Amino acid sequence: MAGESSSRKWMILVATIWIQAFTGTNLDFSSYSTDLKSVLGISQVQLNYISIASDVGKAFGWCSGVCLMYFPTWIVIFIAALMGLIGYGLQCLLIHHIISLPYFLVLVSSLMAGCSICWFNTVCYVLCIKSFPSNRGLALSISISFNGVSAAIYNLIANSINPNDNKLYLLLNALVPLIISVVSLPLIIRHTSTDVLYHRPISPVNFLILTAVAVITGLYLLLLNSIASTASTARLILSGAMLLLVLPVVIPRIIRLRESSSSVIDNDDLDIHKELMGTETSDFSDSDLNEDDSYIKDQLVVLGEEHSTRMLIRNWDFWLYYFTYFCGGTLGLVYSNNLGQISESLGYHSDIGSLVSLYSACSFFGRLFSSAPDFLRGKMHYARTGWLTLAIVPAPIAFILLVLSDSKTTLLAATGLIGLSSGFVFSAAVSITSELFGPNRAGVNHNILITNIPLGSLLYSVLAALIYEANIGNYNKVVSGDEPTVCMGRDCYRQTFVLWFWISLLGLSSSSLLSLRTVATYNRLEKPKQRTQTTVLKSFSSYEEK
C-alpha cells in the first residue's frame with residue numbers, strides 16, 4: 001500500500017516536471033521580440049507593452065486557484081492550454097502575415113498567453129503541495145526548476161526545424177503546451193486518487209535521485225545548447241534532452257525496490273509513527289509561543305496557519321514579502337524580457353539565442369538550489385526567508401557589472417547571475433507562501449503575491465523603454481531605414497541598469513527585514529522537529545533491541 005502510494009505520488013511529480021519544462025514560454029520572448037517589433041512596425045515602448053500584457057495575465061492567476069477548488073484538475077489544465085493556443089496562435093498568424101491584427105488585440109492575445117502560463121504553474125504547485133505534505137519544499141523546488149529549461153528546450157526544437165527562423169517560437173509556444181498537457185494528463189488522472197491521502201513521509205534520499213537527474217539535465221542543456229547551430233546537431237541534442245526528461249518515470253520502480261528490500265518494520269512502524277505524531281504535536285506547547293511575546297507582536301506566530309485574503313492583505317509580513325518579490329524575481333523577469341534589445345544595442349545580436357539559453361539554464365539551477373534548505377535541514381537550520389535574502393545578493397552585483405562594462409564577458413556573467421537569483425526567488429516563493437500563509441490556500445495566496453509581476457513589469461519596462469527611446473536621438477547611436485529605429489551603444493541601457501541596481505538593493509533590504517521578523521517563527525517550528533528526530537532515533541533503537 002505504502003509503496004504503491006509512493007509510486008503514485010512520484011508519477012504526479014513526473015507529470016508536473018513535464019508540464020513545467022514545456023510551459024515556460026514567456027522565457028523565449030527575447031528570441032522573437034525583434035521580429036515581432038519589425039512586423040508590427042512599433043516602437044520599443046510599444047514592444048515592452050506587449051511583454052507587460054503577458055505579465056498582466058498573471059494578475060488573473062488567482063482564478064486558477066479558485067477553479068481547482070471546484071473543478072477537476074484536467075479541466076483547469078485544458079483551459080490553460082486553450083488560452084495559450086489562442087494567445088500565441090494569433091501572434092503566430094500575425095508574424096507570418098496570415099492575418100492582420102490591431103495593436104490592441106495583440107495586447108489581448110499576449111495577456112491570454114501570460115494567463116495560460118500562470119494557470120499551468122498553479123496546477124503544478126497545488127499537485128505538489130497536496131501530494132507531498134511532508135516533502136513539500138523538495139517537490140516544489142524540483143518541479144519548478146524544470147520551468148527554467150523551457151527556453152533551452154524550445155531553442156533546440158526551433159533549431160532542429162529551422163535554425164534561421166525565429167518566428168517558429170510562436171508556433172511552438174501555441175502547440176507544444178497543448179501536446180504536453182495531453183501526454184501528462186493520464187499520469188495525473190490515473191495516479192490522483194484518495195489513496196494519495198496516505199501521506200507516508202518520503203526519504204530525502206529518493207529526492208536526491210531526481211535532483212541528480214535534474215542537475216544532469218541542466219548541465220546537458222547548458223553545455224550543449226550553444227553548439228546546436230545546425231538542424232542535425234540540434235535534433236541529436238534534443239533527443240538526449242527528451243531521454244533525460246523521460247528518465248524520472250523509472251524512479252518509482254527504484255523506490256519500490258528500495259522499500260521492498262529495506263522493509264523491516266510493518267505494523268509496529270505505524271504505531272511508532274502515530275506515537276511520534278502525538279509527541280510532535282504535544283511538544284509544540286504554549287511555552288514555545290510565550291517565550292518572547294514582545295518580539296512576536298504583530299508578526300507571524302506559527303507557520304502554516306491558513307490566511308484568508310482579508311488576513312493576507314492586513315499582514316505586514318506579506319507586504320514585506322510582496323515588495324521583496326517585486327524588487328527581486330520580477331526585476332529578473334523584466335531583464336530577461338529585454339535581453340534581446342539589450343544584446344542588440346551592445347552589438348551582440350547574433351548571440352541572443354545563446355544569452356536566452358544561458359538565462360534559462362541559470363534560472364533552472366537557481367530554482368534547483370532553492371531545495372538546499374530541505375536537504376540541509378538535518379545538518380543545519382536557516383530560515384527559508386534567510387535563504388531568500390541570500391538569493392537576491394547576486395542581482396545588484398550583476399547590475400553594477402553591467403554599469404561598469406559593456407563587454408560580452410560581462411553580459412554573459414551578469415545574465416547568469418540574474419538568472420540564478422530570479423530562479424531561486426521564483427521557486428522558493430511557492431514554499432514560503434505555503435509556510436507563512438498556509439498550504440491549503442497556497443494556490444490562491446501565491447497568485448495574489450505574483451500580482452506584483454504585472455506592476456513591476458509595467459514600471460521597469462516603461463522606464464527602460466523611455467530611456468532607450470531618449471538615447472535614439474543621440475549622435476551616432478541610431479540604426480534606421482525601412483526597419484524600426486534601433487538604439488546602438490552602451491548608453492541605451494546604462495541608466496536603466498543604474499536604476500535596476502538601486503531597486504535590487506531595496507529588494508535586498510526588504511528581504512533582510514522579512515527574514516529578521518520571521519526567523520523566530522522558523523526557529524520555534526524547528527524545536528519540536530529536533531525533539532521528534534531524537535525520539536525517532538530512540539524509538540527505533542529500542543525496537544532493534546527487542
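Tutor: Helix H20 is mostly covered, with 15 of its 18 residues buried. Buried here is under 20% relative accessible area, exposed is over 50% and partly exposed is in between, using a 1.4 Å probe and protein chains only. This is a predicted model, so local features need pLDDT of at least 70 and side-chain atom pairs count only at pLDDT 80 or more, while totals for chains, interfaces and linings use all residues. Numbering runs from 1 along each chain as its sequence is written, and side-chain values use heavy atoms, leaving out hydrogens and water.

Helices are DSSP runs of H or I with at least four residues, numbered from the N terminus. H20 covers residues 352-369 and goes 26 Å from first C-alpha to last, close to the expected 26 Å at 1.5 Å a residue; that expectation is 1.5 Å times one less than the residue count.

Now the rings: there are 19 aromatic pairs. Among them, Phe 29 and Tyr 32 sit edge-to-face, 5.5 Å centre to centre with 75° between planes. Rings of Phe, Tyr and Trp (its six-membered ring) pair with centres within 6.5 Å; planes under 30 degrees apart are stacked, over 60 edge-to-face, the rest tilted. Phe 29 and Tyr 32 are about one helical turn apart, because 3 residues separate them in H2 (residues 29-40). Phe 29 counts as buried because its relative accessibility is 8%, and Tyr 32 does so because its value is 3%.

Definitions and conventions:
Helix = DSSP H or I, 4+ residues; strand = E, 2+ residues; numbered from the N terminus.
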